[in-house]
Amino acid sequence: MYSRSSLFVLAIGFGFLIVLIAILGFGAIRRADTIYRDMKTAQDSYSETETFRRGIATDIYLADILLRDYLLDPSAETVPRHRQELLVIRDSLQERLDRLSGRMPDNDSPGLARLQAEVEAYWDSLDPIFEWTPKEKAERSWVFLARRVLPRREAVVSLVREVARMNTENLERERQRLQNSQDVLHQFLLRMIAVVLILGSFVALLTTYRVLVLERRHDAQRKQIEATQNNLRRLSQRLVQAQEFERAALSRELHDEVGQMMTALGIELGNLEALRHRDGDAFEKRMEDVKRLNADAMRAIRDLAMGLRPSMLDDLGLEAALQWQGREFSRHTGVPATVQVGGAPDHLTDAQQTCIYRVVQEALTNCARHAKANHVLVSLGTQQDDIVVIVKDDGIGFNPSASVRGGLGLLGIRERVEALDGRVRIASKPNNGTTIEVQIPVVVPA
């Protein structure tokens, strides 16, 4: 569960980081393009407005030159030509004013209106001179230029300069606006970089933590596998030793006890053959000895069979087999053993019954070999959905952490119980006895 959730968080973090980087890149490109377009538009607008303004001033000066030439020309035949040239300049000037009006902001409209009025007044002031005779031109030209034309021209030129000032101010305002946009872009980039750095650091830390957790888990699993392999190797060696030991013990029991009994039985049968035709009690005495030897041999063979596979476990059940184990333990060791069976379920499987029998057998064997106990208690009962087996003695105890690793008997108990999904708990302290508790889940038949 932890693995899936951490991978999900990492995937979200990396995805969000990539999205933020993409947003940062596209946003920066879009804002930079917008600023560039606005800057180019402002620069083009300023250049065109400045061109129109200079064109207006140029047309006014050109009109003054044509007007001067007309006033100085005494011929009446050149009047239409001069008038036509001035009309061309007037049309050009009006076109420039119209295009300038379309490019100037609304807040500059009053200045453009005054310029338009002054230009029209300038052209209106020129209309009367084309009706003058050469004599009138000679008499009135200088006064007319000084009093009417020149002041109008100066007014127009002054207004053109004002338009130039307004154009410069407009350009400056656009530059300030673009500077503000650039500042906003910088702030946006700084914020996005900060968010990306924070999120990237978080993802990096989470990734590093996840890698460390996986490495530690890998090391723990590797050590566990190595320990398991070592335990299996040691268990295999111990099992081979145990097999050889069991075979040697079985051979010794058969040779030393059963073999001797069968030899003695054969001798007694031979003696019976010799006493068959004699009278007296000798034959009956030999017959009793033969029966005793036969009973001893049968008991020895039965004990060997019970050690290999308890037949009473199949014939009489688990409780009787455990009671027999307790009696045999007391008979061989002289240590009292109490067996308490309470509430054991009747539907235990053969594997479970065999496991419980072998666990008690191994625990009692360890107790007989190592515990030096004065009393042993074996109890069997149920706890919720488990069957619980407890073997407790008051012996010298031991160190469980060391013995669990090295003791074949305790390791065999664990292997048997864990094969049935059970649990083993061993509690012991030096000089404080030992308690082995086994819990095995009960399989309830459907």
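## Cores and a surface patch in a predicted model

Trainee: Which helix is V19 found in?
Mentor: Happy to start there, and do keep in mind that this is a predicted model. The helix in question spans residues 2-72. V19 is found in helix α1.

Trainee: Is V19 buried, partly exposed or exposed?
Mentor: Buried means under 20% relative accessible area and exposed means over 50%, with partly exposed in between. The relative accessible area of V19 is 41%, so V19 counts as partly exposed.

Trainee: Which residues make the nonpolar surface patch with V19?
Mentor: A residue needs over 30% relative accessible area to join a patch, and V19 has 41%. The patch covers about 260 Å². Alongside V19, its members are F16 and I23.

Trainee: Is T435 buried or exposed?
Mentor: T435 sits in strand β5, residues 434-441. Beyond its neighbours within four places in sequence, T435 contacts I390, V391, K392, R425, I426 and A427. Its relative accessible area is 17%, and the cut-off for burial is under 20%. T435 is therefore buried.

Trainee: How many residues does the largest nonpolar core have?
Mentor: Good one to look for in the structure! I356, V376, V417 and V438 have the most contacts inside this core. The elements giving two or more residues to it include α7, α10 and β5. The largest nonpolar core has 34 residues.

Trainee: Which element gives the most to this core?
Mentor: Several elements give two or more residues, among them β2 (376-383), β3 (386-393) and α8 (350-371). The top contribution is nine residues, and it comes from α8.

Conventions
Residues numbered from 1 in each chain as written. Predicted model: local features only at pLDDT ≥ 70, side-chain atom pairs only at ≥ 80, totals over all residues. Heavy atoms only, no water. Patch = residues over 30% accessible without salt bridge, like charges linked within 9 Å, V, L, I, M, F, W, Y side chains within 5 Å. Areas by Shrake-Rupley, 256 points an atom, 1.4 Å probe, with all protein chains shown as cover. Salt bridge = Lys/Arg side-chain N within 4 Å of Asp/Glu carboxyl O. Helix = DSSP H or I, 4+ residues; strand = E, 2+ residues; numbered from the N terminus. Buried < 20%, exposed > 50% of the residue type's maximum accessible area, 1.4 Å probe, protein only. Contact = heavy atoms within 4.5 Å. Core = buried A, V, L, I, M, F, W, Y, C linked by side-chain atoms within 4.5 Å.
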